[in-house]
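User: I've got a model here and I'd like to go through its packing and its charged pairs. Can you take a look with me?

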Amino acid sequence: MRAPISVIIPTLDAGAALGPTLASLGEGLEAGLIRELIFTDGGSSDATLAIAASAGAHVINGAPGRGGQLRRGCQAAHGDWFLVLHADTALSPGWSTVVLAYLCERRTDRAAYFRLAFRDGGRAGRIVAGWANLRSARAGLPYGDQGLLIHRDLYHEAGGYPDIPLMEDVAIARALRGRLTVLGATASTSARRYLSEGWLRRGALNLGLLARYLTGTPPERLARAYTRRR
């Protein structure tokens with residue numbers, strides 16, 4: 001019986017961030033869960049592609065933009081289940097046991113995500129992660145840095161990731177509203193952007209972008225505003 005999961009990671013000059021992510025996937029390989037590792041790359045010029053080769057990953061090349069990258073990666077995947085992770089997100093020890101138990105439930109009509117934590121985020125990181133976990137549970141809007149575990153049939157039924165430059169994670173979460181559940185494991189993501197931009201500034205920017213998207217602002221316009229703010 002083939003391993004069920006295709007791991008799909010969007011990358012763009014992500015070489016410095018991939019170490020913890022790939023290390024955390026090791027237990028999934030040992031447990032026989034991971035069928036393939038796919039890097040869907042947006043034109044990296046750093047060590048990302050060399051790391052992909054050393055990890056035995058299949059690389060899909062295309063234009064940058066996380067929505068389009070994820071859409072291409074999922075189109076190329078062969079597993080019955082997709083596990084989508086950001087390049088700087090590592091899963092907590094024991095995640096493979098949690099995921100295996102979930103797969104054994106055969107809930108192909110539901111998708112799942114992980115609780116969020118920040119590496120080296122301190123008290124501010126714990127507060128922001130707590131808010132994100134509350135938002136995910138109450139509003140059904142987990143972000144991409146919480147990962148997504150979804151059966152291929154449900155993925156296609158929901159329309160997949162849209163080819164948009166921003167908010168692709170919110171778009172698919174909205175398409176899956178009422179069909180999302182949290183797993184008993186943690187996705188630990190880098191706090192680098194929060195630390196460089198400031199927790200309040202970055203948090204306010206994220207909330208503002210979400211509010212504008214939910215009230216109808218096109219993702220392309222949001223992406224331009226996001227780039228200017230950075």
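User: How many residues does the largest nonpolar core have?

Analyst: Quick note before that: this is a predicted model, where local features need pLDDT of at least 70, side-chain atom pairs count only at pLDDT 80 or more, and totals for chains, interfaces and linings use all residues. Residues are numbered from 1 along each chain as its sequence is written, and side-chain values use heavy atoms, with hydrogens and water left out. A nonpolar core here means a set of buried Ala, Val, Leu, Ile, Met, Phe, Trp, Tyr and Cys residues joined through side-chain atoms within 4.5 Å, with buried meaning under 20% relative accessible area, exposed over 50% and partly exposed in between (1.4 Å probe, protein chains only). Ile8, Leu148, Ile150, Tyr161, Met167 and Leu176 have the most contacts inside the largest core, and its residue count is 34.

User: Which residues is Ile150 in contact with, leaving aside neighbours within four places in sequence?

Analyst: Contact means heavy atoms within 4.5 Å. Ile150 is among the residues with the most contacts inside the largest core. Its partners beyond those neighbours are Asp80, Trp81, Phe82, Ala111, Tyr155 and Leu176.

User: How many residues are in the other core that lies apart from it?

Analyst: That one includes Ala14, Phe39, Leu85 and Leu183. Its count is 27 residues.

User: Is Arg201 buried or partly exposed?

Analyst: Glu197 is buried, with a relative accessible area of 19%, and Arg202 is buried too. Arg201 has 35% relative accessibility, so it counts as partly exposed.

User: What is the N to O distance in the salt bridge of Arg107 and Asp109?

Analyst: Arg107 is partly exposed at 33% relative accessibility, and Asp109 is partly exposed at 40%. Their side chains meet in a salt bridge with an N to O distance of 3.0 Å.

User: Which strand is Thr186 found in?

Analyst: Thr186 counts as buried, at 18% relative accessibility. Leaving aside neighbours within four places in sequence, its contacts include Ala90, Phe114 and Leu116. Strands are DSSP runs (E, at least two residues), numbered from the N terminus. The strand holding Thr186 spans residues 180-190 and is β8.

Note on methods. Salt bridge = Lys/Arg side-chain N within 4 Å of Asp/Glu carboxyl O. Helix = DSSP H or I, 4+ residues; strand = E, 2+ residues; numbered from the N terminus.
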